[in-house]
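Please have a viewer open as you read.

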Amino acid sequence: DTWNRELFSESENGDMLNDEIYKRNLKLEEDLNFKFEFIKSASKEESQRTIIAEFEGGGPSGLDLVMNYAYYSTGAALRNCYANLHTIDTINLEHPWWNQTYVEAATIKDHLYFIIGDLNLSVVDRSLAIYYNATLANTLQIGNLYDTVLDGSWTIDKLLEYTKDTWVDTNQSGTIDLPDNIGIISILGSEAYDGFLTAFGIDILAKNNDGGLDIIWNPEKVSDAVDKQIQLFSNNNGAFLHSNHTELCNKFVNNESLFWLYTIYASSATNQSLRSMTSNYGLLPIPKYNLDQDNYYTTAQDAYSIMSVMATSRQLEAVGTVFEEWNYRSYMDIQPVYCEVIMKTRYLNDVESGMIFDLILDSIKFDTGMVYGSEIDSIATSTRSIVKSGNNTFASTYRIQKRAYGNKIKQLLKYFEERQ
C-alpha cells in the first residue's frame, strides 16, 4: 500500500499529492479514451507469478501493465511474462521521463523487460541519504556540513571522525542501546549497508564489447569499503542499528543522534515527525570513498517499484501509448509537485537542504549487478552480512563465490541470447 500512492488515488481529498495524481489519471483517461483498472497485491515473487499467470490473456479481461517490488521482480519466471520494451514503437526510451541509468543497466542483448520512470515516486522515496541534526552539529562545533558537501570534502573518513566516540550511556546499561545518545543510527539489515558500494563509486558489472557481462569491481577496494563500514558500525563507539524505523525516527527527532542513515522518505508519519523537530535538521548524501572521487552517488534501496508491459497484451501499441503518456505527465505534473513543493518546502526546512536534495536525485545510479542481483546470488548485497558480522571476510568469501557468480552470469546471458 505504501507505493500505491504513486499509481492512483480514489478521489480528491485535499492532500496535494493525492489530488494531483487523481487529476493526472482522470485527464489521461479522458484524453486517451480508456479506463484504468487497478489490481492490488502485496505478494512477492512466488505469488506474483501465480497472480500474473491468471491474467495472461491481456486486454479488457487480462493484465496489461505490472508494477512490482524491484528485488523480487527480475527473475526469469516473471521476465517470461513481459514484453521487450525496446520493441514497442509507442515507447521512446530516450525521453527524459525514463531513468536512463536504469535503462542502460537493465538492458541486456537489446532486451529490456522492466523500467523505472517519473511515475515511480518510490525511486525518490527509497534513495539512500543521511539526515543530520544541524543544531547538534553546531553544538559539537562540527561546522556547516552543507559547505563540506558542496566543496567536495564529505568523505567516509569525515563521517568516521564526526561519529567516533560519540556514545553517551544515558541509561547506564553498559551497552549501546535505544535510549543512549549516539553519532549515527540506521536500520539493522539493509538500509545501513546497501548504499555504500554505490556511494564509493564501486560498479559491479559492466557490458563488454561482445555484449557479455564482466565483474568489474576491484576486490581490494571492496574489501577496504567493507573495512570502513565495519569501522563505522562496529568499531567506532558511535553507531546504533535497530530494526524499527519508527523508534529510530523518534530517536533522531528527540536529539539523541547526530546522523540518521535512511531512505529519503519512509512514511507520512515519519516525515511529519521530522517537521515537528525543535532542532534544525538537514539532508546529506552518503559520503564519498575519498577526496579523489569526483562525484557523490547514491542508489535506491531495493524496495522501490519497477514497471513492465505484459507480452500477452492484445493491444501492445495502445498500452505503450498509455505507458509513455502516463510517465510524461508524471514528469510534467507530479515530480515538480512532489520534489519542488512537498519535499523541499514541507519536509526540508532550508534552502541548502533543497540544494543537497537535488544533488542526491541527480546522483542516483543503477548497476546491472543490482538490477539482476537476485539472479546472481545477491552479488550487490553480498557485503551486507559481512559488515553486519563485524569481521571482514570479503576476500576469502569472494574467492569462494567468484566461480558461482560467473556461472550465474552465464545463465543470465544465455536467457537473453536465446531471445535474440
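A residue counts as buried here when its relative accessible area is under 20%. Y289 has a relative accessible area of 15%, so this tyrosine is buried. Please keep in mind that the model is predicted.

**An enclosed strand**

Which strands does β3 pair with? One partner is strand β7 (residues 257-263), joined to β3 by 4 bridges and running parallel to it. Another is strand β6 (residues 239-242), which is also parallel to β3 and also linked by 4 bridges.

**Aromatic pairs**

The count of aromatic pairs in the model comes to 33. Two of them are set out here.

| Pair | Centre to centre | Angle between planes | Arrangement |
|---|---|---|---|
| F36 and W326 | 4.6 Å | 35° | tilted |
| F200 and Y289 | 5.5 Å | 55° | tilted |

What does the pair of F36 and W326 tie together? F36 belongs to the loop between α1 (16-32) and α2 (45-53), while W326 is part of helix α13 (residues 316-347), so their contact links parts that are 290 residues apart in sequence. F36 has a relative accessibility of 19%, so it counts as buried. W326 is buried too, because its relative accessible area is 4%. Both rings also belong to one aromatic cluster, made up of F8, F34, F36, F38 and W326.

Now for the pair of F200 and Y289, tilted at 55° between the planes. F200 is found in the loop between α9 (196-199) and β4 (205-207), and Y289 in the loop between β8 (281-284) and β9 (305-309), so this pair ties together parts that are 89 residues apart in sequence. With a relative accessibility of 0%, F200 counts as buried, and Y289 is buried at 15%.

**Charges over rings**

Where does the charged end of R79 sit? It lies over the ring of Y415, 4.1 Å from the ring centre. K288 likewise places its charged end over a ring, that of Y296, at 4.8 Å from the centre.

Notes
Residues are numbered from 1 along each chain as its sequence is written. This is a predicted model: local features need pLDDT of at least 70, side-chain atom pairs count only at pLDDT 80 or more; totals for chains, interfaces and linings use all residues. Side-chain values use heavy atoms; hydrogens and water are left out. Two strands pair if DSSP finds at least two bridges between them. Helices (H or I, at least four residues) and strands (E, at least two) are DSSP runs, numbered from the N terminus. Rings of Phe, Tyr and Trp (its six-membered ring) pair if their centres lie within 6.5 Å; planes under 30 degrees apart count as stacked, over 60 as edge-to-face and the rest as tilted. Buried means under 20% relative accessible area, exposed over 50%, partly exposed in between (1.4 Å probe, protein chains only). A charge sits over a ring if NZ of Lys or CZ of Arg is within 6 Å of the ring centre and within 35 degrees of the ring normal.
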